Structure formats: structure tokens, C-alpha cells
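Have the structure open as you read.

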Amino acid sequence: MRILQATGISSAWAIGAGSVADIYEVHERGNALGIYFTGQFAGPLFGPIIGGYLVERWGWRSVFWLLFVFGCILLALVFFAMEETYRQESVWGKDSSEKETAQANDKEQQQIESLESSESVSENHTMVESTVMNPFASLALLRHPFVLIFSMATGFAFGGMFAIENMLPPLYTQQYGLSSGIIGLTFISPGLGEVIGSLLSGKLSDIFLNRARAKRNGVAIPEDRLAPNVWPAAFILNPLSFFLWGWPVQFGWSVWVSIIMFGVQCFSMVQVFNPAMSYLVDAVSDRGASVTAAANLVRMIWSCVLSLIANPMTEAVGPGWVTFFFGMLNFSWAFLLLLMKVKGPKIRAYSGY
């Protein structure tokens, strides 16, 4: 059933980013994606708090009844209130002058086609354009180096955070004797870190992109998404917060140290996650949902792998060494993000983007 649940939610993760790319132009897309990802990250803020007390009061089944009701409400909202966002590729994403030119060209082309149609021999033939749906077509995007680099970056950052969420309950129970309800309250820190970080990252992304865009006479490139806020998070805050979550728990320091550090880790994680996803949507804007789906696959694979190995490694070597490994993994991959900032246009050009 968890597999079915994950299959259902995966469409929202992919299509949501594609819809944002459909609706918003590049100069305002970063903030929109920041708000969109905030909704995804709000789950770790409210879910464990509500779930912890539901389990204590009515048992674990009550959590799934709540999710069932909530899922039905969301299904109704999607079915009755959500509109199609498919856009005209020849016009969208261009400046106003370019839009007018594109629209004029489209109108002229339509007039020519209409004239040719009226002059041609009248034959009752119907042209039907058929397409074959290939659910694995988006995975082909992973052959492009820049897509794989950013997908792996989000996988390591998000996967490390996800692994800590799995390590945290048994460690807090064994080391500090916390109940399920109190453990749920500790997730306020990472939840706030993710929500605040996501909103801030989206704002900064558009601010720095528009500054760079103004210097190029209105031309924006995906590398503009790798703004100055990315580098302190990728090279310092993210790996350091991993270190300072695991070792204090292993040494039995105050629980507040790890609670605060988890919030810092989640804040720094979204400073990497949001710009990376915004980069991919900007670079492959005509296939925003597909490239998001490809990145999601890589991210969820790493989330699964790191979560699977986290608890056995914790039992073997302790949480300090486990989170040290997570931190070094993220720190090492940050150099490839720096490479994309410097050589990104050439690497994209190699792939035809």
C-alpha cells in the first residue's frame, strides 16, 4: 500500500513543477517554485506533530484514517478546481517584444496554411496526429550530464535529511527517553527551517537572476539560479549541520543541540534543493514536468538507499559517523555544482540545451 501511495503522490511532485513552469515566466519563476516547494516541505512540520499525538491517543491506524480523509479532500479539489496549464511553446518564456513577434508569425503562418488549404484540391481526408505515451521517456533526460548532476545534488541533500528523520525517533527515545508526542514536537525545528528556507531561497533566486539578466540586456540563463546563497549552504551549513546533529546525540549532549541543528540542516538543504530544481526547470522549460520527474526518481532512490543504511550503520558505528558520511557526501558533490556555475553553458550546449 505504501508503494501505491508513493505512486499516487509522485504525479503531483512532477506535474506541480511543470505547471509552475507553464504559468510563470523566468523572472518570477524562482519565487513561485519556492512557494510550491514550501507546500511540500510543510509536511515535515505538521505531519509528525499531529501523527505523534494521534498514535498516543487512538493508535497508529488513526494516522491512516486521517490521511484517507485528507486525500479525498485533495482529490475533490484537483478534480473540480484545478485547471489545465498547458501553454503555447512558441510564445511562452519570451519577452513582450518577442511574444508579439512570435504571435504575429503564428498568425501569418495560420493565414498561409488557410490559403493553401482553400487552393488545394478538396478531398475529404482527416489528418489525425497520434502520439504514443511512453512513461519512461523522462528518464532519457538523465543521460544529459547537467540533469544528472543536479538530480544527484538534490538526492544527497534531501536523502540525508530523510535518513535523519528515520534515525531520529529511536535515537531520541533511547538517548533522551522522549515520547512519540514530544518527538513529533521536535519536528517543528526542521519544518520551520524548510518553510522559511524555501520562501527565502525563492525570493533570492529571482532577485539575483533579475540582476544578472539586467546586465545582459534582458537575457537570463539557468546558471543565474545558482545565486550567492547557494554556496555558504552547500559548502558550510549543510555538511556542518549534519556533523552537529549526529555527534551531539552520540555523546549525549543536550537534545536542543540536535533539534536546532536539524533545523539548520533543513534550512541549508533547501538553499541547494530549490535552486537546483529551478535550474532544471529553466534549462528544460519545455519539459518541466519530465525533467522534474527524472530528478525525483534519482532523489527518491537516494532517499531510499540512505534511509535503508542509516539505522544499521547507526547500530554499528554510531550516529556521529553516519551523519559525518552524509555531510561529506554533500560537501563533495557541491564542487560539481560550482563546476556548473562556471562551465554550465558549455555543459548544457554539449547536450543541446
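R216 and D224 form a salt bridge whose closest N and O atoms are 2.7 Å apart. Please keep in mind that this is a predicted model. In total, the structure holds 5 salt bridges.

**Salt bridges**

- In the R216 pair, R216 is partly exposed, with a relative accessible area of 31%, whereas D224 is buried at 5%.
- R225 forms a salt bridge with D206, with 3.0 Å between the closest N and O atoms. R225 sits in the loop between helix 8 (188–215) and helix 9, and D206 in helix 8, so this pair ties together parts 19 residues apart in sequence.
- R225 also forms a salt bridge with D282, where the closest N and O atoms are 2.5 Å apart. Because D282 lies in helix 10 and R225 in the loop between helix 8 and helix 9, the pair links parts that are 57 residues apart in sequence.
- Salt bridges with shared partners join R29, D206, R225 and D282 into one network.

**Helix packing**

- Helix 6 (residues 145–176) and helix 9 (residues 230–251) have axes that come within 11 Å and cross at roughly 15 degrees, so the two are roughly parallel.
- Helix 6 passes helix 9 in a left-handed crossing. The contact includes G160 and M161 of helix 6 and F242 and W245 of helix 9; its residues divide into 13 nonpolar, 4 polar and no charged.
- Helix 10 (residues 255–283) packs against helix 12 (residues 319–351) at about 5 degrees, with axes 13 Å apart, which makes them roughly parallel.

Notes:
Residues are numbered from 1 along each chain as its sequence is written. This is a predicted model: local features need pLDDT of at least 70, side-chain atom pairs count only at pLDDT 80 or more; totals for chains, interfaces and linings use all residues. Side-chain values use heavy atoms; hydrogens and water are left out. Axes are lines fitted to C-alpha atoms, for helices over the stretch in contact, and angles run from 0 to 180 degrees between N-to-C directions. Helices (H or I, at least four residues) and strands (E, at least two) are DSSP runs, numbered from the N terminus. Angles under 35 degrees count as roughly parallel, over 145 as roughly antiparallel, 65 to 115 as roughly perpendicular and the rest as oblique. A crossing is left-handed if the near helix is turned anticlockwise from the far one by less than a right angle, and right-handed if clockwise. Contact means heavy atoms within 4.5 Å. Ala, Val, Leu, Ile, Met, Phe, Trp, Tyr, Cys and Pro count as nonpolar, Asp, Glu, Lys and Arg as charged, and the others, Gly among them, as polar. A salt bridge is a side-chain nitrogen of Lys or Arg within 4 Å of a carboxyl oxygen of Asp or Glu. Buried means under 20% relative accessible area, exposed over 50%, partly exposed in between (1.4 Å probe, protein chains only).
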